[in-house]
Amino acid sequence: MAQIVLNDLLKAFEQNTAINHVSLTIEDGTFQVLLGPSGCGKTTTLRCIAGLEKTDGGQIFIGDQDVTRLSPAERDIAMVFQQYAIYPHMTVAENMAFPLRAVKTPQSEINVRVEEAARKLRIEKLLNRKPGKLSGGEMQRVAIGRAIVRRPQVFLMDEPLSNLDANMRAEMRTEIKRLQVELGVTTVFVTHDQLEAMSMADKIAVMYGGIIQQNGSPADVYDRPFNLFVAGFIGSPSMNFVSCILSDDGNTLMLEGEIPIGIQVAAKERIRRVQTGKQLILGVRPEDISLRKDNPPEFEPCEVYVMEPLGAENILDVRLGNHSFKVRTPPTFSAPIGARLSMRIDQCRMHLFDAETTLNLTNPVRLMEI
Ligand code: ATP
């Protein structure tokens, strides 16, 4: 088990900079997720840690050792990929034993480790089966089993669940998380699926354009996004965004289209560092808006554009002037298209972003570890 440190890592493919001076410290035993849209550099970062890509600058440490120039075999890591590459002619037990055989581990030790891994993954009954007779989820367990028998210092996983159906993914998420806690092995897990990231990670590094935009706990990136990209990428439905300006007296948010929203007393502290007269973007999550059928103080009149019933909750799309807000409501709250309601933004949970720099002005705590 070991800490991983990326220090000013740089990797380019000809003119294309895939990793742009990334620094990240992954504490020993952490489940670290690299999350971001396609092409943001997460797989390249993982491949650099594995030693499968040569870096163009910076250093990689695993434990106390500078592994930047070491081969993958010398790094004491185990990888699990999306394509799990199980050998079809070998049984499950033989597949799992393969990496131990490769380093000439005695047979008695191989048996102990394969049985132990199979028990942890609940595939003891499958040990004599050939992969052709396994489900996708079972094959993924075998691939993970093959990684854990080696007892490496670090697990590296690249979208290992993306070939599975929705139910199996949910089940394997739980299994991998439980296993990681049990084994305590530092794990780097690449995904573009925010639900996967939120449900499994101790820390999520949100990447975009080869840069770590923010690294923090799931609660950090959800509740205290560092910038507009993180705020928009995390959460489903996404955070609502509207252009606005804070009035000179600091008492009103003027939404684009001259819609004034009074600043709530409780939110004064939150906007303390926000400059007046500056072009801003208001960000508010769907669950931080309340809807009412009457019109109490602090509520603004709005109209229902559409309602999406999702079973456990309803998502209402309401219009305030020309602005559209998605609002999460309990399943018991419904309203027909065109219904006139009133809405209130919980300003103690709203975010104001600088429209120019995209930084979150209501979250001055810099969580970014770069
Ligand atoms: P995805 O989720 O689609 O795998 P990613 O976030 O993992 O995306 P990377 O695969 O790390 O992104 O790619 C980062 C950038 O580097 C992309 O612009 C990609 O096109 C480029 N890239 C990655 N591998 C190579 C390569 N072998 N040759 C050239 N360009 C590459």
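How many salt bridges does the count between domain 1 and domain 2 give? The count is one salt bridge. A salt bridge here is a side-chain nitrogen of Lys or Arg within 4 Å of a carboxyl oxygen of Asp or Glu. This is a predicted model, in which local features need pLDDT of at least 70, side-chain atom pairs count only at pLDDT 80 or more, and totals for chains, interfaces and linings use all residues. Residues are numbered from 1 along each chain as its sequence is written, and side-chain values use heavy atoms, with hydrogens and water left out.

**Domains**

- The protein chain splits into domain 1 (4-232) and domain 2 (238-354); such bounds come from an automatic or database domain assignment.
- Between the C-alpha centres of domain 1 and domain 2 the distance is 39 Å.
- Eight residues from domain 1 and ten residues from domain 2 make the contact, where contact means heavy atoms within 4.5 Å.

**Where the domains meet**

- Domain 1 and domain 2 bury about 750 Å² between them, with 55% of it on carbon and sulfur atoms.
- Buried area is the accessible area (1.4 Å probe) that two parts lose on being put together, summed over both.
- Of the area that domain 1 buries against domain 2, 63% comes from Y222, L228 and A231, more than from any other three residues.
- D223 and R349 join their side chains in a salt bridge, at 3.1 Å from N to O.
- Three residue pairs are in polar contact between domain 1 and domain 2, both residues at pLDDT 80 or more.
- A polar contact is a pair of N or O atoms within 3.5 Å; within protein, one must be able to donate a hydrogen and the other to accept it, and residues adjacent in sequence count only if both atoms are side-chain atoms.
- On the side of domain 1 that touches domain 2, α7 (218-223) and α8 (228-233) each supply at least two residues.
- Helices (H or I, at least four residues) and strands (E, at least two) are DSSP runs, numbered from the N terminus.

**Salt bridges across the structure**

- The structure holds 26 salt bridges.
- One of them pairs D193 with R169, whose closest N and O atoms are 3.1 Å apart.
- D193 sits in the loop between β8 (186-191) and α6 (194-200) and R169 in helix α5 (residues 166-183), so the pair ties together parts 24 residues apart in sequence.

**Backbone features**

- From S236 to P237 the peptide bond is cis, with omega near -5°.
- P237 belongs to the loop between α8 and β11 (240-246).
- R151 is not a glycine, yet R151 has a positive phi of about 50°.
- R151 is found in the loop between α4 (136-148) and β7 (154-158).
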